[in-house]
Amino acid sequence: SRTVAILLEPPPSELPLERVLPMLQQLNREDWLRAYLVSACHTWPAATAAYHPKVLRGLITATADGAEDNTVLTSFLFKSEHYSLRDALNQLEAAAEGNSRASHALCEARVYILCRMGDVRTALEVLLDQ
């Protein structure tokens, strides 16, 4: 997390994501790459808008696999406006399908998305199923 903070200190014009991402990808550490992208999306939401759907996919997968705490995913969903609610819900449902541990880990995110879409009835059903 200290490394991420250092990488985020200069403005994106001085140390653009396009330069940082390949370096992190070369290290073959998905957790570092994910942490940097999540932090960059929170720090520079407009400048990183194109990355938000990719970050969301990575967070859903990592949360479903148990590699990431569900609070990181829900925090990202609360703070970001740069993703499709329908796509997010489809990804969450696909990741939870047939996997009770993943379904439980993704429950809060699914409920949040359903409520934002105005489908409170289905959100309550998801909560009751858990």
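At what angle do helix H3 and helix H4 pack? The model is predicted, so local features need pLDDT of at least 70, side-chain atom pairs count only at pLDDT 80 or more, and totals for chains, interfaces and linings use all residues. Residues are numbered from 1 along each chain as its sequence is written, and side-chain values use heavy atoms, with hydrogens and water left out.

Two packed helices are described by the angle between their axes and the distance between the axes. Helices (H or I, at least four residues) are DSSP runs, numbered from the N terminus. Axes are lines fitted to C-alpha atoms, for helices over the stretch in contact, and angles run from 0 to 180 degrees between N-to-C directions. Helix H3 (residues 30–43) and helix H4 (residues 52–65) pack at about 130 degrees, and their axes are 10 Å apart. H3 is therefore oblique to H4. Angles under 35 degrees count as roughly parallel, over 145 as roughly antiparallel, 65 to 115 as roughly perpendicular and the rest as oblique. H3 passes H4 in a left-handed crossing. A crossing is left-handed if the near helix is turned anticlockwise from the far one by less than a right angle, and right-handed if clockwise. On the H3 side, Arg 34, Leu 37, Val 38 and Cys 41 make the contacts. Their partners in H4 are His 52, Val 55, Gly 58, Leu 59 and Ala 62. Contact means heavy atoms within 4.5 Å.

H3 also holds Tyr 36. Tyr 36 is buried, at 1% relative accessibility. Buried means under 20% relative accessible area, exposed over 50%, and partly exposed in between (1.4 Å probe, protein chains only). Asn 28 lies in the loop between helix H2 (17–26) and H3. Its phi is near 60 degrees, a positive value in a residue other than glycine. Asn 28 is exposed, at 68% relative accessibility.

H4 has a further partner in helix H6 (residues 85–96). The two axes come within 10 Å and cross at roughly 20 degrees. H4 and H6 are therefore roughly parallel to each other. Their crossing is right-handed. Leu 56, Arg 57, Ile 60 and Ala 64 in H4 touch Ala 88, Gln 91, Leu 92 and Ala 95 in H6.

H5 and H7 pack at about 15 degrees, with axes 8 Å apart. H5 is therefore roughly parallel to H7. H5 passes H7 in a right-handed crossing. The contacts include Leu 73 and Phe 78 in H5, and Ala 109 and Tyr 112 in H7.

One aromatic pair is present. Phe 78 and Tyr 112 form this edge-to-face pair, with 4.4 Å centre to centre and 75 degrees between the planes. Phe 78 is in helix H5 (residues 70–79) and Tyr 112 in helix H7 (residues 100–116), so the pair links distant parts of the chain, 34 residues apart. Rings of Phe, Tyr and Trp (its six-membered ring) pair if their centres lie within 6.5 Å; planes under 30 degrees apart count as stacked, over 60 as edge-to-face and the rest as tilted. Phe 78 is partly exposed at 47%, and Tyr 112 is partly exposed at 21%.

The structure holds zero disulfides. A disulfide is a pair of cysteine sulfur atoms within 2.5 Å. The sulfur of Cys 115 is 11 Å from the closest cysteine sulfur, in Cys 107, too far for a bond. Cys 115 is partly exposed, at 37%, whereas Cys 41 is buried, at 3%.

Methods. Helix = DSSP H or I, 4+ residues; strand = E, 2+ residues; numbered from the N terminus.
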